[in-house]
Amino acid sequence: MWQKVKVQLMLSMSFLTAVFWYCRRLYSFLAQLLKRWSNYLQRQLIRNLSVLPEVDLLGYSAREWKGETKQAKQMREAYEELFRSCHIKYLRQVRRDNYSVIRAVLFQIFSQGIPFPSWMKERDILKLPEKLLYSQGCNWIQQYSFGPERYTGPNAFGKLRKCMEALKTNWAEISATRDHEERGSMCNTLFSDESKEYKLYEAIKFIMLYEVVEAYEQIKSRGKPVHNLFNLLFDRDSSSDPLSFMMNHLNSIGDSICLDQVELSLLGYLFEVKIRVYRLHRFNTEEFQVKYPAEYRREWNEIALLTEDDHYYHIPLFRT
């Protein structure tokens, strides 16, 4: 009897041991699979991010500017000056395309939780396309082009309204989020969705156009004085009026050109932020550090940009 019980116990123990070994192997396999899947998703997210996670400033400089050419040495010296004197220890790389500067500015506005500018609290931006088209008779906005899409036509009005809705909704939602980490996570999600991003940038371009039209009408009617940047804008042969500004500048932004310095001033003025730009290719000159617009109010929030060529921009991060 005991022998039979003993045999049964041995068989049961062997079976349980086999089951335990199998479960352990299965658990290990599933853990490895989950880890690989998590790493894959993380790589995909980083690949889709248009604003990358922070990297060490001097490490980035050493990787990007190797060699002993005059330009490479000057760039490394400029980065060392930022590290030593400006307390900039890290940077976030911004995707190199023709929305680069708009992306860098908007990302910081969102990530810092900067609220709507005062004029946007008083006016519904969703009605700006309608107002420009019907109230001010600017039917030429049907020639508005959406960056790389190069779309113009009767549906421009509807597309613009969707862009304005996207900007207003995302800005309100993110600026209302008080937790810094949660706000950062929301920004990373938003700035990894290309189609949503482009709607935001096109909305910003249209707001720039709207303000240019408003300033132009005030100058013509000799109404209240306008900011000096509008005079600089209209003094250019390529943007002497709102239509030429749209056709020669705005329509190509995001496609073949980016914002120039006058338009960067306009961007800061519209969003009531002073934009401090570190221009590394102007190191050891008075233009190494500049602010856009040159005239701003003391209460405006400040954001910072870093550029090596006035075309592509990155986000510097300060540490004391």
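Helices in these views are DSSP runs of H or I of at least four residues, strands are runs of E of at least two, and both are numbered from the N terminus. The model shown is predicted.

**View A. The open sheet has 6 strands, in the order S1-S2-S6-S5-S3-S4.** Pairing here is mixed. Look to strands S1 (55-56) and S4 (289-292) for the edges, as each pairs on one side only. Strands of a sheet pair through backbone hydrogen bonds, either parallel or antiparallel.

**View C. S5 and S6 form a hairpin with 5 residues between the strands.** The two strands run antiparallel and are joined by 2 bridges. Follow Leu306 across to His314 in S6, which stands opposite. Within this hairpin, Asp310 has a positive phi near 65°. S5 itself is mostly covered, with 5 of its 7 residues buried.

**View E. Helix H12 (residues 261-271) is largely enclosed by the rest of the structure, because 9 of its 11 residues are buried.** Among them are Val262, Glu263, Leu264 and Phe271. At the start of the helix, a side-chain oxygen of Asp260 comes to within 3.2 Å of the backbone nitrogen of Val262. Just after the helix, Glu272 adopts a positive phi of about 55°.

Definitions and conventions: Residues are numbered from 1 along each chain as its sequence is written. This is a predicted model: local features need pLDDT of at least 70, side-chain atom pairs count only at pLDDT 80 or more; totals for chains, interfaces and linings use all residues. Side-chain values use heavy atoms; hydrogens and water are left out. Two strands pair if DSSP finds at least two bridges between them. Buried means under 20% relative accessible area, exposed over 50%, partly exposed in between (1.4 Å probe, protein chains only). A polar contact is a pair of N or O atoms within 3.5 Å; within protein, one must be able to donate a hydrogen and the other to accept it, and residues adjacent in sequence count only if both atoms are side-chain atoms.
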